[in-house]
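The exercises below are to be worked with the sequence and the coordinates at hand. Each one sets a task and then goes through a solution step by step.

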Amino acid sequence: MRTRKALGGVLAAATLTVGLGFATAPSAAAASNCWPGESNRWYCNNVSGAPVYGIIGNNHSYPDPDTVVGYMNSNPSWFYCKMDGQAWVGGPHPTRWLMTVADNGRLGFMKDTAISSETDPVRDC
């Protein structure tokens, strides 16, 4: 009788442990990385129609979160580089922007939250 009780307790604990393991497992696969292309460009999957924001000043160093200069309808799209420590955008990289050229030819930055690929591999600006 003691053996059955002990075995029952062990089985219950094992079932609970396995059940918790499944409950805490992620439900979605991790995003694939951006990938290198020609001419120092990086390609990433992004939201079609995402806005591209302008640049503050003439040195191309800072995104202007208040000025939309164009849109990126292509997917995937290419990017020159990434910048952290800029205006808040949220997401897993809350202050990251990526430099690109909008479909209308205007240079600017896209928010990291508009890009579904993992942007860590993209070179720093």
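## Exercise 1: Confidence

Solution. Where pLDDT is low, the predicted coordinates should not be read in detail. This is a predicted model, in which local features need pLDDT of at least 70 and side-chain atom pairs count only at pLDDT 80 or more, whereas totals for chains, interfaces and linings use all residues. Residues are numbered from 1 along each chain as its sequence is written, and side-chain values use heavy atoms, with hydrogens and water left out.

## Exercise 2: Strands

Solution. Helices (H or I, at least four residues) and strands (E, at least two) are DSSP runs numbered from the N terminus, and two strands pair if DSSP finds at least two bridges between them.

1. E1 pairs with strand E2 (residues 42–44) in the antiparallel sense over two bridges, and Trp-35 stands opposite Tyr-43 in E2.
2. Strand E7 (residues 97–101) and strand E8 (residues 107–111) are antiparallel and pair over five bridges, with Leu-107 in E8 as the bridge partner of Val-101.

## Exercise 3: Disulfides

Task: locate the two disulfides found in the whole structure and state the pattern that they follow.

Solution. The criterion is a pair of cysteine sulfur atoms within 2.5 Å.

1. Cys-34 and Cys-44 form a disulfide with their sulfur atoms 2.1 Å apart. This pair links distant parts of the chain, with Cys-34 in the loop between helix H1 (2–24) and E1 and Cys-44 in strand E2, 10 residues apart.
2. A disulfide joins Cys-81 to Cys-125, at 1.9 Å from S to S. Since Cys-81 lies in strand E6 (residues 81–83) and Cys-125 in the segment after E8, the pair ties together parts that are 44 residues apart in sequence.
3. With bonded cysteines counted along the chain, the pattern is 1-2, 3-4.

## Exercise 4: Salt bridges

Task: describe the three salt bridges found in the whole structure, and decide whether Arg-96 is buried or exposed.

Solution. A salt bridge is a side-chain nitrogen of Lys or Arg within 4 Å of a carboxyl oxygen of Asp or Glu.

1. Lys-82 forms a salt bridge with Asp-124, the closest N and O atoms being 3.0 Å apart.
2. Arg-96 meets Asp-84 in a salt bridge at 2.9 Å, N to O, and forms a salt bridge with Asp-120, whose closest N and O atoms are 2.9 Å apart. Shared partners join Asp-84, Arg-96 and Asp-120 into one network.
3. Arg-96 is buried at 5% relative accessibility, whereas Asp-84 is partly exposed at 39%; buried means under 20% relative accessible area, exposed over 50%, and partly exposed in between (1.4 Å probe, protein chains only).
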